[in-house]
Amino acid sequence: MIDITVPQLPESVTEGTLTTWCKKEGDFVRRDEVVAELETDKVILEIPAPQDGILTRILVEEGNEVASSQLLAHLEPQAAAAEAVIAEVEATAMPAARLEAQRSNVNLAEVAGSGRQGRILKEDVLQHAQSAAPAPAPTPALTMAPAIPRPVAPAGSREERREPMSRLRARIAERLLASQRDNAILTTFNEVNMQNVMDLRARWKDRFAEKHGVKLGFMSFFVKAVTRALERFPIVNASVEGNDIVWRDYCDIGIAVSSNRGLVVPVLRNAQTLSVVEIERQIADYAALARAGKLPLEALQGGSFSITNGGTFGSMMSTPIINPPQSAILGMHAITPRPVAENGQVVIRPMMYLALSYDHRIIDGQEAVQTLVAIRELLEAPEQLLLDL
C-alpha cells in the first residue's frame with residue numbers, strides 16, 4: 001500500500017481543512033492526478049496521487065482538520081492492472097475514436113459507446129469532450145471584496161441558516177480586526193482625471209494584446225505610478241516592527257484579488273523594475289490562479305504596499321483597511337464622467353476618486369498627501385511613466 005498524506009505545510013500554516021475528495025474509494029487514479037483538496041487560511045492546496053493505483057481506503061472525511069504529513073488514504077499500486085483495463089477499453093473503440101480521444105485528452109474509460117456491441121465512436125468522444133468542457137471563465141476581477149453567493153430563499157421565509165466560516169474567511173476577519181486594532185489608520189482623498197490614460201489605452205490596447213498576448217488594463221498604470229511615488233516618499237513603503245521602522249529599497253506591491261473563496265492579496269515582487277507587460281501578465285496569472293484556488297503560498301507572502309480596486313463593483317469612494325504589517329494601501333474607485341474646471345471652463349472628464357489609508361504612527365499627513373498627489377500627477381501625465389521623467 002502507498003500512503004497519501006498531507007503535504008508539508010509552510011511554517012506560517014499549522015493546519016488546514018480537508019474540503020473535498022475528488023475521488024472515491026475504488027476509483028483508479030493516475031500519478032499526479034488530484035485526489036483531494038485542502039484549504040488553509042491562505043490558499044487551497046491540491047493533493048496529487050503519488051503514482052498510478054486504486055484508492056482503496058479513505059481515512060479522513062471531508063470537513064476534518066488535518067496537519068502536515070497526516071495520513072489521509074491508502075493507494076494500492078495497480079499500474080499493470082490499470083494498463084490492462086485501459087487496453088480492454090481501447091479495444092472497444094474505433095480507430096477514429098482513439099485518435100480523437102488523444103487529441104481531446106479524453107479518457108476512453110469514461111466514454112459511453114453508442115456503436116454496435118457498445119463500441120465507442122468518434123462522435124461519442126466528441127460529445128463527451130463537449131459535455132465535460134468547462135464554461136468560459138469570466139474576466140478576472142480585481143477588487144477589494146469577495147463576491148459571496150447567497151442562497152435564494154422562498155418569498156416570506158423567516159428561516160435562518162448557520163455555517164462555519166471557511167479558514168480563509170476566518171483569517172481575513174482576524175487580519176482586518178488586527179489592522180484596525182494595531183494601526184492608527186487615517187485616510188486622505190484625491191481625484192484623478194483618467195482621460196490621458198484612457199486615451200493611451202484605447203489607442204494601443206489592440207496592438208498590445210496582439211503582440212503580448214495579454215490585455216492592457218488600468219492596473220499596470222497604477223502600479224507604475226505607485227512605485228514611482230513610493231521611491232519619492234519611502235516612509236509610505238516602510239513598516240513598524242516593535243519600536244523600529246523597517247525601510248525597504250524595493251516595492252513589493254500586493255494586488256487585492258477577489259475569488260469565490262474570499263479575498264487574497266498576491267504580491268508583485270520588485271514591482272519598481274517591472275514593465276507594463278510584465279505587470280499585466282502577472283496580474284492576469286494571479287487572477288486566473290485565484291479563481292481556481294491554486295495561488296501558491298509564496299505569492300501571498302510579504303508585500304510592502306497594497307492596491308485595491310473597489311471600482312470593479314461600482315464603488316465611488318471608500319476607506320480601505322491596511323494589510324498588516326504594511327503601513328499604507330491605495331483604494332481605486334469607479335471612473336465616472338463629471339464636470340470639472342479646465343482653463344476657466346467647465347468640461348466633462350472621466351474622474352476617479354483615490355483613497356490612501358496610512359498608519360499615522362510613522363506616516364505624517366503631509367507625506368501621505370504628497371504621495372497621493374504624486375500618484376495623481378503621474379496618472380494624469382502617463383508619458384512620465386514611460387519616459388522615466
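A crossing of two helices is called left-handed if the near helix is turned anticlockwise from the far one by less than a right angle, and right-handed if clockwise. The views below come from a predicted model, in which local features need pLDDT of at least 70 and side-chain atom pairs count only at pLDDT 80 or more, while totals for chains, interfaces and linings use all residues. Residues are numbered from 1 along each chain as its sequence is written, and side-chain values use heavy atoms, with hydrogens and water left out.

**View 1. Helix H6 crosses helix H8 in a right-handed manner.** Helices (DSSP runs of H or I, at least four residues) and strands (runs of E, at least two) are numbered from the N terminus. The axes of H6 and H8 (residues 365-380), which are lines fitted to C-alpha atoms over the stretch in contact, with angles running from 0 to 180 degrees between N-to-C directions, come within 9 Å and cross at roughly 135 degrees. H6 is therefore oblique to H8, given that angles under 35 degrees count as roughly parallel, over 145 as roughly antiparallel, 65 to 115 as roughly perpendicular and the rest as oblique.

View 2. The axes of H6 (residues 219-232) and H7 (residues 276-292) come within 9 Å and cross at roughly 120 degrees, so the two helices are oblique to each other, and H6 passes H7 in a right-handed crossing.

**View 3. Two arginines each place a charged end over an aromatic ring.** A charge sits over a ring if NZ of Lys or CZ of Arg is within 6 Å of the ring centre and within 35 degrees of the ring normal. The charged end of Arg-201 lies over the ring of Phe-218, 4.9 Å from its centre, and that of Arg-338 over the ring of Tyr-353, 4.1 Å from its centre.

View 4. Most residues other than glycine have a negative phi, and most peptide bonds are trans.
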